[in-house]
Amino acid sequence: MKRLLAVLATAGILVVGSPGVAGSTAIAAPADGGRIPVKPAPATQVWATRPASYQPGSTAQPLLRLDIEDLSPRLVTAGTDSVTITGKIVNVGDRDIADLELRLERGEALTSEEAVRQALREPTDAESVQPWFTRIADELKMGQSKPFSLTVPVRGPENTSLRIDQPGVYPVLANINGSLERGYRARLAALSTLLPVLAVPGGDALPVPANPAKITVLWPLADRPRMVSDGLEPVLADDELASSLALGGRLYGLLKAYESALEGPLGGGVCLAVDPDLLRTVQAMGKGYQVQGRGAGKGRNEAELWLAQLRLLAGGRCVVALPDADADLVALSRARLTDLVALAAKGADEVHDVLEVRALPGLAWPEDGVLDQQALTDLAAQGVTSLVVDQSAVAGTPGSGPVTLDAGGKPITAVRIDGMVSDALRGAAVPRSLAGGITTPTETRPVSVQNALAALAYRTGFQAAGQNVVISPPRRWNAPTGEVNTFLQTTKGLVASGFATPVGLQALVGSPAEQTAALSYPVESGAQEVPPAVTAEVAESWRQLQELLKAMSQQDRESTKPDELVAPLRLSLLRSVSGAWRGNETGARTALAVADEQLSGLRGKVSVTEPNSLILLASGDSPIPVTIRNRLDVRITVRIVVEETPGIVTQQLPDQLLPAGGDRQLTVPVEVQRSGRFPVHVRLTTPDGVELGDRARLEVSSSAYGTITIVITVLAGALLVLLSARRIYRRARASRAAASAVPNDAAGVTPEKSSTS
């Protein structure tokens, strides 16, 4: 069970001095000859359920890394005499460390649910019993590592055992002390977890309850969206899914664990929850696929085998369809993208097409198990009649059974996930941007499974009130395969020993609700939603796509239907609002960029063809010839728009219906009011104004005069005639005036020329 509880947890204590002398590896023993126990730092300083780099307030450089590879047993029963931890220590600091010693401490049994919850949130005191330290290394130089194994009896004399005398859930702490410079001793690393004890060897044991807990296990198979484009040769954003589906991968391990869960007494209480988009992607991979920018993908065979095995296992079993692409239903509802909500709610159809099994009808399981009232109303409008919700979604409602929610007058049955067990499986929160999308079996929450087993043992063994315990691992669970199997095997053991009984999800959905509850949408969930800035852009792209669809029509019965043409783009937009992007705006925008690029490509298939030569206009009313082309497999109605050009007056043509894959030549009637060479820009839109393709630049040359030019010319000619007539008139008048002024005795004398002549 290698690396079951890998942890990086340090107290972060630095002291200047000289290291101790070198030593050798020692085999751990329960005691070390009477050494006085060294008081360690308070356990509350150690955040064992998160990596050291996430420790609140911790800025000191870590010195030692503690890797716990195995804790055995995970649950103490009557046949358990001792507890063994194995692993290794690694010097990750800037100095040598000497006299390294380890002990396993324990605190008092947790006696209430609130105490267990508090211990899951933050390590509690585990220093009530402190056996002697055991030497595990005399010296550990910088960068050096050493394995260790420590076995501590469950019962025994003081300072040599855990001294557990009663069943209970105990906090335990693996504590390593060492000497730094000048002999200063300090806690260097520690790991805190919970150890459930159902029976003490040679002592008391919990009785089998008369009314055992009712266990239901929801087993999710989901991943983040990876499909870039569908078709004859699909394209994926990366090839990580190939590794995840292969032997040793995350999804491979989860599928094998699901197969194991179906065997034995737990099988009737297990329900598979699968993302339809994951099925769609894996099915596409099985036909051969490309990886964006990297050529052919390598996971074709793995995808075929994984999907075939899943199809075999799911046959006749309980199956839940997650929202398609595991969409963030609350973010969609808040953006009033009800059409996308409807699309997400149709995932059961894809599950049936791929797995050939019917998912539970009318059931939805939103991301994180929470939603607000508007999202509930939108889901009810899509025919949803039952939900799986987190306990926090109905905060303040007592009990553990199904409840009724009011969706605008429609009753909705809500099955509640057990928050204590399922939250423990998630582990302490780490930044989603670091954990999201990881598909390698690396556990970032090291003790989550052990703590979940302790919470489950408390539910089934110490409460024993016949309550419903619906268990749900994280949506994209990333625990090591060994840990997954350990959790299932221990759960099956609790059922086999009578502490629990399996109950199918179908039975819970169909059972009478205990009471009516009000929805409660946690503030922290709202902060994790796909941001409104992203959903606003999705809404705009969705509007354009729908108006583009409205302009399309089928060429004939045998040709492509418009819905078939735009369906991949709808899914691409849905993937950009996947719940996998909650808390990860960059991931959402990357997915949206893919969808927008596809939409732009679809619009670009309808365009105006730019001519290779100059367009000559012989007269003022000569039309401009335009060639428009349609490379879509459907007919489309377009509107020709001639952008405003000085000296050109256009007449709007009626909307044009273009045949599928065809061209059409048209003439745009214009009135030219200028001569010379000038550009005219023409573009296409749908009747609703969605831009199609790029605008075309037409070079036009006109040698004709327009109406205004002719009018100006005529007016200028008339004015010239008037001015000429006026000049002639004045000259004639002047001549007559001169003739009348000559005296009689001057007859025959030639008069002088007038200055006006």
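This is a predicted model: local features need pLDDT of at least 70, side-chain atom pairs count only at pLDDT 80 or more; totals for chains, interfaces and linings use all residues.
Of the 757 residues of the protein chain, 52% count as buried, where buried means under 20% relative accessible area, exposed means over 50%, and partly exposed lies in between, with a 1.4 Å probe and protein chains only as cover. Residues are numbered from 1 along each chain as its sequence is written, and side-chain values use heavy atoms, with hydrogens and water left out.

The chain holds 19 helices and 32 strands; these are DSSP runs numbered from the N terminus, helices being H or I with at least four residues and strands E with at least two. Among the contacts in the chain with a separation of 6 or more, 79% are between residues 24 or more positions apart, a contact being heavy atoms within 4.5 Å.

Let me turn to helix α10, residues 419-426, which is mostly covered, since six of its eight residues are buried. Those residues are Gly419, Met420, Val421, Ser422, Ala424 and Leu425, and what covers them includes α1 (113-121), β18 (410-417), α12 (448-463), β19 (468-471) and α13 (481-496).

Next, a sheet. Three strands form an open sheet in the order β23-β25-β29, with antiparallel pairing, and two strands are said to pair if DSSP finds at least two bridges between them. Because β23 (606-609) and β29 (663-668) stand at the edges with a single partner strand each, one side of each is left without a neighbour in the sheet. Between β23 and β25 (residues 624-630) there are four bridges, and in one of these Val606 has Asn630 of β25 as its partner.

Ser72 and Pro73 are joined by a cis peptide bond, with omega about 0°, and Pro73 is found in the loop between β1 (64-72) and β2 (82-91). Two residues other than glycine have a positive phi: Arg163, near 50°, and Ala325, about 60°. Ala325, in the loop between β14 (319-321) and α6 (329-334), counts as buried at 2% relative accessibility.
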